[in-house]
Amino acid sequence: MTVTTRPADTTATDGPDASSPHAYDVGLLLLRLVLGLTLAAHGAQKLLGWFGGGGIEGTGQFFAMSGYPSGEAMAVIAGLTETLGGLGLVFGLLTPLAGAAVLGTMINALAVKWGGGFFAPEGVEYEVLLAAAAAGLALTGPGRLAVDRYLPGLRAHRLVYGVAAVVLAVLLAGLVLLIRN
């Protein structure tokens, strides 16, 4: 009887050049912190008028001029979505849903700004970048440095959670856009 063995797989996990899985976690944490804090601050502009924002009244007027019904109600919804979605990303809490909240908001922002080209100052490059980062986090999960790691259902992030969250974001953003004039 002949026994054959396969050579040991030494790619990517063995040796001094192997990348540490912790590097991915730190990278995801950095992305979550920057994206989450940016969106939370943007939401605070809408809700509270902080950081030079218009508050609910000023943001509501912008939403009304942009074709949304009940401008102030939409300002509250957008402000809460950005603030809570952003904070969810910061803490890595319900990350697929937090990423979906940010993605849905950015889809609406893209619809409002569309037509000014891609590049700043009238373009959509900023919104595209935020939307892609949010979708990426929804799909990849938060990494190990997150509250989700302590929640039984989310401890081991699965791609299906991220895909479901992205689909939910696209559908809900589409519904909101349908009520826009």
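Phe 62 is partly exposed, with a relative accessible area of 42%. That value comes from a predicted model. Phe 63 counts as buried, because its relative accessibility is 11% and the cut-off for buried is under 20%. Tyr 68 is buried too, at a relative accessible area of 4%.

**Aromatic rings**

A search of the whole structure finds 4 aromatic pairs. Two of them are set out here.

| Ring pair | Distance between centres | Angle between planes | Arrangement |
|---|---|---|---|
| Phe 62 and Phe 63 | 6.1 Å | 80 degrees | edge-to-face |
| Phe 63 and Tyr 68 | 5.3 Å | 65 degrees | edge-to-face |

Why is the pair of Phe 63 and Tyr 68 edge-to-face? Its planes stand at 65 degrees, and an angle over 60 counts as edge-to-face. The pair of Phe 62 and Phe 63 has its planes at 80 degrees, so this pair is edge-to-face as well. Ring pairs link Phe 62, Phe 63 and Tyr 68 into a cluster.

**The largest pocket**

Phe 63 also takes part in a pocket lining. The largest pocket has a volume of about 680 Å³. It is lined by 34 residues. Those closest to the pocket centre are Phe 63, Ala 78, Glu 82, Thr 105 and Asn 108.

Which elements give two or more residues to this lining? They are α1 (21-48), α2 (55-65), α3 (71-91), α4 (95-113), α5 (125-140) and α6 (159-179). α4 gives the most, with 10 residues.

Sorted by class, the lining of the largest pocket holds 20 nonpolar residues, 10 polar residues and 4 charged residues.

Methods: Residues numbered from 1 in each chain as written. Predicted model: local features only at pLDDT ≥ 70, side-chain atom pairs only at ≥ 80, totals over all residues. Heavy atoms only, no water. Phe/Tyr/Trp six-rings, centres within 6.5 Å; stacked < 30°, edge-to-face > 60°. Buried < 20%, exposed > 50% of the residue type's maximum accessible area, 1.4 Å probe, protein only. 1 Å grid on protein atoms, 1.4 Å probe; cavity = no way out; pocket = protein on both sides within 12 Å on 5 of 7 lines; lining within 4 Å. Points joined across faces, edges and corners; volume = space filled by probe spheres on them. Helix = DSSP H or I, 4+ residues; strand = E, 2+ residues; numbered from the N terminus. Nonpolar A, V, L, I, M, F, W, Y, C, P; charged D, E, K, R; others polar.
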